[in-house]
Amino acid sequence: MDSTERPRGPHLEWTVVASDIGPLLLAATPEGLVRVEFHADPDRVDGMIGPLVSRLGADARRPSPGEEELLAEPIRQLTAYFAGSLRRFELPLDWRLSSGFNRQVLQELDRSVPYGSVVGYGELAARVGQPGAAQAVGNAMGSNPLPLVVACHRVVENDGGIGGFGGGVETKRQLLALEGVLPQPLF
């Protein structure tokens, strides 16, 4: 099937959008946004889409730019976020790529850590009733299928260190600077 044809069964719409932190792969199902991936350079996209299609058991369609249906609103909101005019994403999310403790932690993060604030790994563990599970929270952040939208960049080390980030520590710094948590880089 041509990647622009409309699938008949379970389907996934995907695209790559430019952003202030580099190209992002976005994917959505009729249930909602299901995946955001950093560093979506052309040579990496096939390696991102294939496993996603396999895991979801869905046909994939990449619409022409401007013809997105399932992704029109996520694209609009991401553009507004990077422009500094959106503080909270209001999107339906398809949580199928996360489960158990990881999903519980990510949903708590999404509910309770707003734009412009941060939380420590240990504090987030305590919020989900698992004090002492800071390392497990770090693993949950690393498995986040929806970074940016479910803002794992807002989770930092309890001692004030920035911590790791799937998109790279420099990307985390950029996002925290955009949200006013860190100063903007001088150059």
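Leaving aside neighbours within four places in sequence, which residues is Asp94 in contact with? Select Asp94 and look around: the residues in contact are Thr29, Glu31, Gly32, Leu33, Val34 and Leu146, where contact means heavy atoms within 4.5 Å.

Before going on, note that this is a predicted model, in which local features need pLDDT of at least 70, side-chain atom pairs count only at pLDDT 80 or more, and totals for chains, interfaces and linings use all residues. Residues are numbered from 1 along each chain as its sequence is written, and side-chain values use heavy atoms, with hydrogens and water left out.

**Stop 1: Asp94**

Stay on Asp94, which sits in the loop between H2 and H3. Helices (H or I, at least four residues) and strands (E, at least two) are DSSP runs, numbered from the N terminus. Asp94 counts as buried because its relative accessibility is 3%; buried means under 20% relative accessible area, exposed over 50%, and partly exposed in between (1.4 Å probe, protein chains only). Now show the side chains of Thr29 and Arg96. The Asp94 side chain makes a polar contact with the side chain of Thr29 at 2.6 Å, and another with the side chain of Arg96 at 2.6 Å. A polar contact is a pair of N or O atoms within 3.5 Å; within protein, one must be able to donate a hydrogen and the other to accept it, and residues adjacent in sequence count only if both atoms are side-chain atoms.

**Stop 2: the sheet**

Select S1, S2, S3 and S4. These four strands form an open sheet with mixed pairing, in the order S3-S2-S1-S4. Two strands pair if DSSP finds at least two bridges between them. At the edges are S3 and S4 (59-61), each of which pairs on one side only.

Next, highlight S1 (residues 11-17) together with S2: they pair in the antiparallel sense over five bridges. Thr15 has Leu26 in S2 as its bridge partner.

Keep S2 and S3 selected. They form a hairpin with two residues between them, and five bridges join the two antiparallel strands. S3 is largely enclosed by the rest of the structure, because six of its six residues are buried.

**Stop 3: the core**

Which residues touch the most other members of the largest nonpolar core? Of its 41 residues, they are Leu33, Phe82, Leu93, Leu109, Leu124, Met141 and Leu148. A nonpolar core is a set of buried Ala, Val, Leu, Ile, Met, Phe, Trp, Tyr and Cys residues joined through side-chain atoms within 4.5 Å. The elements giving two or more residues to this core are S2 (24-29), S3 (32-37), H2 (72-83), H3 (100-112), H4 (121-127) and H5 (134-142). H2 gives the most, with five residues. Apart from this core lies another, of 14 residues, among them Leu12, Trp14, Ala40 and Ala58.

**Stop 4: Cys152**

Select Cys152, which UniProt lists as "active site" in an unreviewed entry. UniProt positions are given in the numbering used here, feature names are shortened, and annotations may be inferred rather than shown by experiment. Cys152 is in the loop between H5 and S6 (155-156). Is Cys152 buried or exposed? Cys152 is buried, with a relative accessible area of 6%. Not counting residues up to four places away in sequence, Cys152 touches Leu109, Met141, Asn144, Pro147 and Phe165.

**Stop 5: helix H6**

Finish with H6 (residues 169-178), whose buried residues are Thr171, Lys172, Leu175, Leu176 and Ala177. They pack against H2, H4 and S6. Just after H6, select Gly180, which takes a positive phi of about 85°.
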